[in-house]
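The sequence and the model come first, and the discussion follows.

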Amino acid sequence: MRCAMFSVLDMFSVGVGPSSSHTVGPMRAARAFVASLEGTSLLSTVARVQATLYGSLSLTGFGHGTDRAVIVGLEGAEPNTVDTNRLLDIKHICMQQKKLALMGAHIIPFDVEHDVAFDMWHRLAEHPNGMRFQAYDRDGEIVDEQVWYSVGGGFIRQGRRDDAVIGNHDIPQTQAQVPSQEADVEAHGWSSQVPYQFASCNELVELCEREGKSISEVIWANETSMRPAAEVRQALLHVWHVMSDCIHAGCTSSQQVLPGGLDVPRRAPDMYARLTANSDALRREPRRSDAALESSDAAWVNLFALAVSEENAGGGRIVTAPTNGSAGIMPAVLQYYWNFVDSASEDGVVRFLLTAGAIGYLFKRNASISGAEVGCQGEVGSACSMASAGLCEALGGSPRQVENAAEIGIEHHLGLTCDPVGGLVQIPCIERNAMAANTAINAVRMAMLGNGSHIVSLDQAIKTMKDTGEDMMSKYKETSQGGLAVNVVEC
């Protein structure tokens, strides 16, 4: 039986901050709900809608702007095109106007305080990021009711109306931690009609060696079997350009303090000013005459990652890679490649993203990229692994060296908790992106100094990450009920 595959472009979606699971996913789910009402000709009968957020979405949703994302989603907005200024102001707008235009057309009364509810005592048993949408007619009767889950990286899947509601701490020991692949296929158009199929990294490496192809060549063949080659290349380079623009925006932002109440200062603009006193790497200068891996400039990599992470925390336009909370890692490593590797080219960028996407697929398929499911190891750890693989591929690493780099990238993030202070994607998230970006580059150094032989495989590390996530206490999985989220506030 053929294994369902998906496009790597699904892994690198253009969206907005601060969270893929808590902002991008809920926005998509809310839009899917009203779009279905429109598609079934029920929208005109709706007089009121209510969204209820459960689990992690309720516990950290305020800091992540989940309520704001749901509201603009009900208006019909999509993460890749939403007006970021309206997203930031939508609650104030609704409070003033006391109405909402579903899908931008059907106007209904709307009360922000009651029509978007945070149920902090319960979660849906199927997934910690659950939400329920209800539409009522003028007589108060339910027109439609839908359950949706934000399963990580901005991906969503629809549940059932009767999915069980349990206490936030009453998590069944036998609960499946990984969303069903069939549901994701249905929600995101995954395809089983690609020439090269694999369910593990071991299968992917063996496939490469059997076919005499690199990892990026295998994924390129899959992508171009679904759409024209020129379209694939253009889409991947668009992802890179959005990443690069995000770095520039973060480096030149006039905003001094990040929103949310913690008063976290933006550091990227000051760092950029200091580092550009002698040269400006954002203009691809200076190019290094010696080997890039022997002359890494960690300060620049730190800057690149901080710039993106601060843009994400400020609600800016970013690329989910594979999540918003880890969105600074891959752009930082790509920017390092672009500015400090003499042989850097757009072809290399394409190979980087194809390979990183393949590794991301394995994490999503065999474990999770959701902090609410497995902790930050599933976000920052997965992104570090993906960036390690991408850079190794772009520098000409063999499939086994790429697998080795990817394994190093995740192995040293195993057990990493997700305990955001104040429910915001700021502390410790922003600095973690900078640390992981440099870890990815170092992982490639080690992998390329060897022949790819090593003891722990990437597949084993991914399984370990999944097992660790299942064992991790819920307070360390994006609930802001433990770790730094508690101790910093207490101090």
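Where do D467 and K463 both lie, and how many residues apart are they? Both lie in helix 19 (residues 458–471), four residues apart, about one turn of the helix.

## Basis of the values

This is a predicted model, in which local features need pLDDT of at least 70 and side-chain atom pairs count only at pLDDT 80 or more, whereas totals for chains, interfaces and linings use all residues. Residues are numbered from 1 along each chain as its sequence is written, and side-chain values use heavy atoms, with hydrogens and water left out.

Helices (H or I, at least four residues) and strands (E, at least two) are DSSP runs numbered from the N terminus. For accessibility, buried means under 20% relative accessible area, exposed means over 50%, and partly exposed is in between, with a 1.4 Å probe and protein chains only.

## Salt bridges

A salt bridge is taken here as a side-chain nitrogen of Lys or Arg within 4 Å of a carboxyl oxygen of Asp or Glu, and by this rule the count comes to 18.

R160 forms a salt bridge with D162, the closest N and O atoms being 3.6 Å apart, and both ends are exposed, R160 with a relative accessibility of 51% and D162 with one of 62%. E431 is bridged to R267, with the closest N and O atoms 3.0 Å apart. This pair links distant parts of the chain, since E431 belongs to helix 18 (residues 429–448) and R267 to the loop between helix 10 (229–252) and helix 11 (268–275), 164 residues apart. E431 is partly exposed at 46% relative accessibility, and R267 is partly exposed at 34%.

## Buried asparagines

Polar contacts are pairs of N or O atoms within 3.5 Å; within protein, one atom must be able to donate a hydrogen and the other to accept it, and residues adjacent in sequence count only if both atoms are side-chain atoms. Contact in the wider sense means heavy atoms within 4.5 Å.

N433 lies in helix 18 and is buried, with a relative accessible area of 0%. Its side chain reaches the backbone oxygen of G325 at 2.9 Å, and a polar atom of that side chain lies 2.8 Å from the backbone oxygen of C429. Leaving aside residues up to four places away in sequence, N433 touches several residues, including A305, S309, I329 and V380.

N324 lies in the loop between strand 11 (317–320) and helix 13 (329–340), and N324 is likewise buried, with a relative accessible area of 2%. A polar atom of the N324 side chain is 2.6 Å from the backbone oxygen of V16. Among the residues that N324 touches, not counting those up to four places away in sequence, are V16, G17, P18, N312 and I318.

Axes are lines fitted to C-alpha atoms, for helices over the stretch in contact, and angles run from 0 to 180 degrees between N-to-C directions. The axes of helix 8 (residues 201–211) and helix 17 (residues 399–411) come within 9 Å and cross at roughly 160 degrees. Helix 8 is therefore roughly antiparallel to helix 17, a class that requires an angle over 145 degrees. The contact is made by C201, V205, C208 and E209 of helix 8 with P399, R400 and E403 of helix 17.

The axes of helix 11 and helix 12 (residues 298–313) come within 9 Å and cross at roughly 150 degrees, which makes helix 11 roughly antiparallel to helix 12. Residues of helix 11, among them M271, Y272 and L275, meet residues of helix 12 that include W300, L303 and E310.

Terms used
Angles under 35 degrees count as roughly parallel, over 145 as roughly antiparallel, 65 to 115 as roughly perpendicular and the rest as oblique.
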